[in-house]
Amino acid sequence: MSAEKNAPPTEQTTTTDLAADARYSFDATRLDNLRSRAPWKDNAKYFQKAALSPSATTKMMMHCHSGVEAGLAKGGNPIEKMGLLLGRPDPDTPRTLIVTDVFPLPIEGFETRVVADDQDVLNHIITLAETMEKTRKEKFMGWYHSHPFDVGIHSHCYLSQTDISTQLQWQRAEDPHGNPWLAIVIDPLRSLAKNNPEMKAFRVYPPDYKSAVTNECPDGSIVHDEQARLEKWGSCWSRYYELEVEYFMSANARSVIGILTQNYLWMRTLGSTTMLEAENRQRFPERVVAVAEKIKAVEVNVSGGAGGVYGGQQGRGMTFGATSAAGEAGRKEEEGELSKATRGVVELATEKLHGNIVQMVKKDLFC
């Protein structure tokens, strides 16, 4: 997150405030010139940042959380949600895409199958786009959807094969006409568990693009372990890249938030504990069970695999070398699974310990 989100309010207008205020307006001539030049057509990684307004962020999070509540209320799994982004490329910082508003779509889905292919949905999008052309100066310039999967070690903010196909179609249709297309993925369950918006922004590479860096992940990191790449970024990890997400707020809005924080929100902070909120209480036992099952599976593999290796050493004569190599590979895989299960235990224990410490401090201060 950028410094804009966490910068404390001041009585005087700061450079940050001026930069944030500038994003609520734009020079139409300069924007048209940027759209006509379309420098992103010649650079697969041209855009580096996505700047989100408070209203866009709030509406996305509320929409995606509604899918979680609706799915659980029906006794099933959380439901994926989808919507469109309204915004523009920024002439002042050309490598930044600005998202000023979002519009939820009447689409529901599960796992990686959120696709806007229903005729009623397409008609809704067309009508909405025509309305925006008459009332707003900006355009639809992207889409968002949720991945409401179980809370795990890694965020579920990544692009699936279906997501990449959808994003690539939009980029091919919009990018050449001066309207670069953005994809945002939200992990609502992790957002609830961490009490912080969990979302990432992406763009897809052209089909003929090949990174000059071997094993480069969407966030620019180099990960040599294939399984680690798949777990964090999905099977299409080499087909897209991540943009840094930052949030901007006007000087007036920042001032109001500052007043509320000083006068009112501190009471909510002292009066609530994230660990004790209803959603977290409901999900925590499920997460404990999931981690316990992973540890149990590792124990079974370790106990079963050890016997197999020693048996090969003693009873198979000339095959000892091959069996030993296979056993070594098996042990490495088991160590990887054990490491992931261990990280899950540490994460749960840390959350629980933090919540307990907060409650003890409150008790000592106010009881």
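Tutor: A residue is called buried when its relative accessible area is under 20%, and exposed when that area is over 50%. The model is predicted.

Student: What share of the residues in the protein is buried?
Tutor: The cut-off for buried is under 20% relative accessible area. Applied to the 367 residues of the protein, it gives a buried share of 40%.

Student: Which residues of helix 3 are buried, and what do they pack against?
Tutor: Helix 3 covers residues 28-37, and its buried residues are L31, L34 and R35. Seen down the helix axis, they fall within an arc of 100°, so they line one face of helix 3. T29 and S36, on the other side, are exposed. The buried residues pack against strand 2 (80-89) and strand 4 (139-146).

Student: At the start of helix 3, which residue has a side-chain oxygen that reaches the backbone nitrogen of T29?
Tutor: The contact lies at the start of helix 3, and the oxygen comes to within 2.9 Å of that nitrogen. The residue that supplies the oxygen is D27.

Student: Which residue just after helix 8 takes a positive phi?
Tutor: Helix 8 spans residues 226-233, and at its start a side-chain oxygen of D225 reaches to within 3.3 Å of the backbone nitrogen of Q227. Just after the helix, a positive phi of about 85° is found at G234.

Student: Is V361 buried or partly exposed?
Tutor: V361 sits in helix 11 (residues 320-366). With L353 and I357 it forms a nonpolar surface patch of about 260 Å² accessible area together. Its relative accessibility is 41%, so V361 counts as partly exposed.

Technical notes. Residues numbered from 1 in each chain as written. Predicted model: local features only at pLDDT ≥ 70, side-chain atom pairs only at ≥ 80, totals over all residues. Heavy atoms only, no water. Buried < 20%, exposed > 50% of the residue type's maximum accessible area, 1.4 Å probe, protein only. Patch = residues over 30% accessible without salt bridge, like charges linked within 9 Å, V, L, I, M, F, W, Y side chains within 5 Å. Areas by Shrake-Rupley, 256 points an atom, 1.4 Å probe, with all protein chains shown as cover. Salt bridge = Lys/Arg side-chain N within 4 Å of Asp/Glu carboxyl O. Helix = DSSP H or I, 4+ residues; strand = E, 2+ residues; numbered from the N terminus. Polar contact = N/O pair within 3.5 Å; in protein donor to acceptor, adjacent residues only side chain to side chain. Arc of directions from axis to C-beta. Contact = heavy atoms within 4.5 Å.
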